[in-house]
Amino acid sequence: MPAATRVSEAFSSVLKVGYVYRHTSATSTEARIRIATWIIGLYNTHRLHSVCGHQSPIDYEHDHQANPALEPAT
């Protein structure tokens, strides 16, 4: 299985178990807004990811932009 597939499946699992199953929303719009807020506010800024060298995605992205010679995450 390609690494990108494993990463997306891991993300989906964390999203479902860590957020979706623990919250209820009155409308699909409310659910989308809450999920987007969770992704932007917590997942991308705080949660460490092994594929990013145990950095948050936002920190990895900043490091990569500062030094484009770094290997991209697989």
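Reader: Which pattern does the protein follow when read along the sequence?

Author: This is a predicted model, in which local features need pLDDT of at least 70 and side-chain atom pairs count only at pLDDT 80 or more, while totals for chains, interfaces and linings use all residues. Residues are numbered from 1 along each chain as its sequence is written, and side-chain values use heavy atoms, with hydrogens and water left out. Helices (H or I, at least four residues) and strands (E, at least two) are DSSP runs, numbered from the N terminus. The secondary structure comes to three helices and zero strands, and read along the sequence the pattern is α-α-α.

Reader: What percentage of the residues in the protein is buried?

Author: A residue is called buried under 20% relative accessible area, exposed over 50%, and partly exposed in between (1.4 Å probe, protein chains only). Of the 74 residues in the protein, the buried ones make up 12%.

Reader: Is S56 buried or exposed?

Author: S56 belongs to the loop between helix 2 and helix 3 (57-66). A contact means heavy atoms within 4.5 Å. Not counting residues up to four places away in sequence, S56 touches N44, T45, H46, R47, L48 and H49. Its relative accessibility is 1%, so S56 counts as buried.

Reader: What is the phi of H54?

Author: H54 is also placed in the loop between helix 2 and helix 3. With a relative accessible area of 57%, H54 is exposed. H54 is not a glycine, although its phi is positive, at about 60°.

Reader: Which side chains meet in a salt bridge?

Author: Side chains of opposite charge can pair when their charged atoms come close. A salt bridge is a side-chain nitrogen of Lys or Arg within 4 Å of a carboxyl oxygen of Asp or Glu. The structure holds one salt bridge. At 3.6 Å, N to O, the side chains that meet in a salt bridge are those of E30 and R34.

Reader: Why are E30 and R34 separated by about one helical turn?

Author: E30 is partly exposed, with a relative accessible area of 30%, and R34 is partly exposed at 28%. Both residues lie in helix 2 (residues 28-43), and their separation is about one helical turn because they are four residues apart.

Reader: How much accessible area do V17, V20 and Y21 have together?

Author: Patches are made of residues with over 30% relative accessible area and no salt bridge; like charges are joined within 9 Å, and nonpolar side chains (Val, Leu, Ile, Met, Phe, Trp, Tyr) within 5 Å. Accessible areas come from the Shrake-Rupley method with a 1.4 Å probe, and for residues only the protein chains shown count as cover. Y21 lies in the loop between helix 1 (3-18) and helix 2, and Y21 counts as exposed at 62% relative accessibility. V17, V20 and Y21 form a nonpolar patch on the surface, and their accessible area together is about 300 Å².

Reader: What separates the C-alpha atoms of A31 and V20?

Author: A31 has its place in helix 2 and is partly exposed, with a relative accessible area of 22%. A31 and V20 are eleven residues apart along the chain, and their C-alpha atoms are separated by 8.5 Å.
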